[in-house]
Amino acid sequence: MKTTVLGFSLFLLFTMPAFTQNMVEHATPGFDTPRAAIPHGRIDTVRYNSTTVGNQRKALIYTPPGFSRQKKYPVLYLLHGIGGDEKEWLNGGSPQVILDNLYAEGKIKPMIVVMPNGRAMKDDRAIGNIMTPDKVQAFATFEKDLLHDLIPYIQKNYHVYSDRDHRAIAGLSMGGGQSLNFGLGNLDKFAWIGGFSSAPNTKTPEELVPDPVAAKQQIKLLWISCGASDRLVTFSRRTHEYLQKNDVPHIYYIEPGVHDFKVWKNGLYMFSQLIFKPVDTATFSKYPVAGMPAETNVRTAGYPQILPDHRVIFRVKAPEAQKVQVDLGRRYDMMKDTGGLWTVITDSVSEGFHYYSLLIDGMAIADPASKTFYGMGRMASGIEIPLTGDNYYALRDVPHGDIRVSKYFSKVTRSWRQLYIYTPPGYDVNTSGKYPVLYILHGGGEDETGWATQGKADLIMDNLIAAKKAEPMLVVMPDANVGGAAFDESGLKTFESELKDVIIPLVEKKFRVETVAAKRALAGLSMGGIHTLYTGIRNTELFSSLGVFSSGWIQPRQGGIAAAQYDFMGANAAMINNKLKVLWIAMGGKEDIAYKNCQLMLAKLDELNIKHTYTEYPGGHTWPVWRNNLFNFAQQLFK
């Protein structure tokens, strides 16, 4: 028995290190500098017959130092970008130098690296307009050339392993998209897959990994990397978020940088050290992710940047300023460096859209690096924090409706005004059909642009309609600012007239919509929720569904208005319950500034036996809450 235990202990001692995998560090200076006093590999050009294209094609082959035809090697297929060819890596990335240096340091397994021309067409030169449809299509055609022509050629002419466990594919930009498409689409051929700054040719995550459970069992390593300031980072991020949601192990490595060889060379440096070795997936989540520029930044702006834990890095140059802060719900003091750059890292920020301002020596201004949005009663900056869960407002490959703008002269306000109108997919095709309408209102300090921009109403509706979770409908987004004090009854009454006497008749004249209450709904957030209560409850002959988001009568300021409405409800409870199919009230949790007023209203509705549905979504008085409110409310309508 003692001999058996000793033998098993020795077995563990000598085998366990083979199954450990340390994290690979970012490349250090000199990683791509030629070293004279080390063994070197060799670059050769080969020609192979392509039955796919119908002629001979070229590829570069890197064989490692000490290459021997008596030894078997694994193979890495390394792909170029849309503007390159089989020489792009050689000319821009010096892969032979990077790999030679890694071999000298004992950091990589001996392997053959094949650098083909990924543009599978007879004239595959990177000349002329590289974006013509035939040249773009040739990158997709290369999948067949790779699988049926190039790989068999390599296996016939080089002493290489022919199984998937010894075959890897990686590439930059267009080649990164190819690598993900071909690798994940042929898991019987590739076990090691890497995408460096993958381009828009990358398939959607659902297409790349339709069966996450099977993928987890087959993939040895899936590597996704990109420069944080690369405008194509969204394609890497969407793949990562899908894989993360479906628990598919992968390395997601976002580093400082743009769309260039500095990033791609580091991708090769790190990826090559991980392949053809035992894998420890426990290390995958430990790879750092540099801050990514927010999607709400203006073009090319590097800041604000969002960190993986949703902290935000703000940076602004103001060399003459004495004090600079960021106002993002709370104020953060920024620190100044010797060059006049002010920087701060915030606490973690909740997902979705948030307004913010820079305070420079006490003056609130919009951040020049951010797109601006009408909110807070003025043009303000905004930042979009990515949603990591079920992104119901993502831009997806589904039929899309349109946002239209309709200008009109109002006889109520005696001024020119405008509406934003969402028309569902197929509206211009189905010219005989009529649609139900949701009239949805913004909050205080906002206008008709709010739901269309901050609210992403069009994307929410597109995705719901595509999933058959909501009826195709028009969504009309009016401007509820009609002059006077926003919460006084005079303003509420004026907008009631604007909606009933001007907006609804205009919509029903210009658009193909149903004109009965059963096909008409009204909803609003905050101030818009109060408008919904004021106009909707007294006009159930016009609306069969009401949505009240983050709202409720403001006490004691609106106590008299509320009391009059409760009297009306008490006298007409049976009629209201009969005519209102949906009275849906939502709140952003206890941190919502309207929470207490809403609870008072809910208690009164219960007392009056007014039927309603109440729900909460955490997040306070913010657009992330209201987007979710629309997502859920729209599913209740017109059924």
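Author: Helix 13 has 13 residues, and 18 Å separate its first C-alpha from its last. That is close to the expected 18 Å at 1.5 Å a residue, where the expected span is 1.5 Å times one less than the number of residues. Helices here are DSSP runs of H or I with at least four residues, strands are runs of E with at least two, and both are numbered from the N terminus. The model is predicted, with local features requiring pLDDT of at least 70 and side-chain atom pairs pLDDT 80 or more, while totals for chains, interfaces and linings use all residues. Residues are numbered from 1 along each chain as its sequence is written, and side-chain values use heavy atoms, leaving out hydrogens and water.

The buried residues of helix 13 are Ile561, Ala562, Gln565, Tyr566, Phe568 and Met569. Buried means under 20% relative accessible area, exposed means over 50%, and partly exposed lies in between, using a 1.4 Å probe and protein chains only. Viewed down the axis of helix 13, these buried residues fall within an arc of 160 degrees, so they line one face of the helix. The arc is taken from the directions that run from the helix axis to the C-beta atoms. On the other side of helix 13, Gly560, Asp567 and Ala571 are exposed.

The cover over the buried residues of helix 13 includes helix 11 (489-510), helix 12, helix 14 (573-579) and helix 15. Such packing rests on contact, which means heavy atoms within 4.5 Å.

Just after helix 15, Asn609 takes a positive phi of about 60 degrees.

Phe31 and Met587 are 556 residues apart in sequence, and their C-alpha atoms are 55 Å apart in space. Phe31 is found in the loop between helix 1 (2-15) and strand 1 (42-50), and it is buried, with a relative accessible area of 12%. Beyond its neighbours within four places in sequence, Phe31 is in contact with Val97, Ile98, Asn101, Lys265, Asn266 and Tyr269.

Some strand pairings may be described next. Two strands pair if DSSP finds at least two bridges between them. An open sheet of 5 strands has the order 9-10-11-15-14, with antiparallel pairing. Its edge strands, strand 9 (292-293) and strand 14 (335-336), each pair on one side only. Within this sheet, strand 11 (residues 312-317) and strand 15 (residues 341-345) are antiparallel over 5 bridges, and Ile313 has Ile345 as its bridge partner in strand 15.

Strand 12 (residues 324-327) also pairs in the antiparallel sense, with strand 16 (residues 352-360) over 4 bridges; there Val326 has Leu358 as its partner. Strand 12 pairs with strand 13 (residues 331-333) over 3 bridges, again in the antiparallel sense, and Gln325 stands opposite Asp333. The hairpin of strand 12 and strand 13 has 3 residues between the strands, and in it Gly329 takes a positive phi near 85 degrees.

Finally, the whole chain may be considered. The protein chain comes to 16 helices and 27 strands, and its C-alpha trace spans about 95 × 70 × 60 Å along its principal axes. Of its 639 residues, 55% are buried. Among its contacts with a separation of 6 or more, 73% join residues 24 or more positions apart.
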